[in-house]
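The following paragraphs lead through a single protein structure, from selected residues to the overall fold. Please keep the sequence and the model in view while reading.

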Amino acid sequence: MTEISFHVNVASPAGYACRLARKALGQGRAVTATGPAAVLAELDRALWTFSPADFVAHAWAAQAAEVPASLHASTLWLAPDPGDAAEHDVLVNLGDTVPRGFESFARLVEVVGADESGRLAARGRWKAYRDRGYRVESHEAAA
């Protein structure tokens with residue numbers, strides 16, 4: 001069953017997702033980020049600038065055929081539709097809805113900003129997961 005955790009009160013969801021992906025990829029986990037295309041485009045831009053010392057290899061899932069198969073597990077996939085991901089290990093949700101097909105991933109991380117509308121949408125997702133029998137954890141990202 002998919003492990004689900006909410007990382008709440010995040011000041012910069014794109015920046016947080018960059019650090020989260022860097023850490024997970026460094027641990028040998030395959031990572032996909034999902035959400036609206038505009039949010040993923042923001043993440044794409046942030047991945048180029050978030051750290052002068054690190055580079056997180058990333059590509060759009062729609063372009064997976066252009067990435068050598070040997071690099072699929074070490075690439076952060078940007079996927080508006082998580083089903084298009086080359087690997088199904090860790091899914092990072094930057095959207096306001098339950099990601100389609102999340103249950104095919106070993107782990108789901110919900111990144112929730114500090115704004116009230118994002119927190120309200122997150123409460124709805126939390127309830128949806130709990131209603132389906134998933135155990136959900138919460139992690140406070142900032143005090």
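The model is a predicted one, in which local features need pLDDT of at least 70 and side-chain atom pairs count only at pLDDT 80 or more, whereas totals for chains, interfaces and linings use all residues. Residues are numbered from 1 along each chain as its sequence is written, and side-chain values use heavy atoms, with hydrogens and water left out.

Leu 108 belongs to strand E6, which spans residues 107-113. Helices (H or I, at least four residues) and strands (E, at least two) are DSSP runs numbered from the N terminus. Because its relative accessibility is 0%, Leu 108 counts as buried; the term denotes under 20% relative accessible area, with exposed meaning over 50% and partly exposed in between, for a 1.4 Å probe and protein chains only. One of its contacts, Thr 2, is 106 residues away along the chain, yet the two C-alpha atoms are separated by 6.8 Å.

What does its side chain reach? A polar atom of the Thr 34 side chain lies 2.7 Å from the backbone oxygen of Ala 79, and the side chain also reaches the backbone oxygen of Pro 80 at 3.3 Å. Beyond four places in sequence, the residues that Thr 34 touches include Leu 40, Asp 81, Leu 91, Asn 93 and Pro 99.

Turning to the whole chain, the protein comprises 3 helices and 7 strands, in the order β-α-β-α-β-β-β-β-α-β from the N terminus. Of contacts between residues at least 6 apart in sequence, 63% join residues at least 24 apart. Of the 143 residues, 46% count as buried.

The radius of gyration, taken over C-alpha atoms, is compared with a globule rule of 2.2 Å times the number of residues to the power 0.38. For 143 residues a compact globule would have a value near 15 Å, so the 14 Å of the protein agrees. Along the principal axes, the C-alpha atoms fill a box of roughly 40 × 30 × 25 Å.

Methods:
Contact = heavy atoms within 4.5 Å. Polar contact = N/O pair within 3.5 Å; in protein donor to acceptor, adjacent residues only side chain to side chain.
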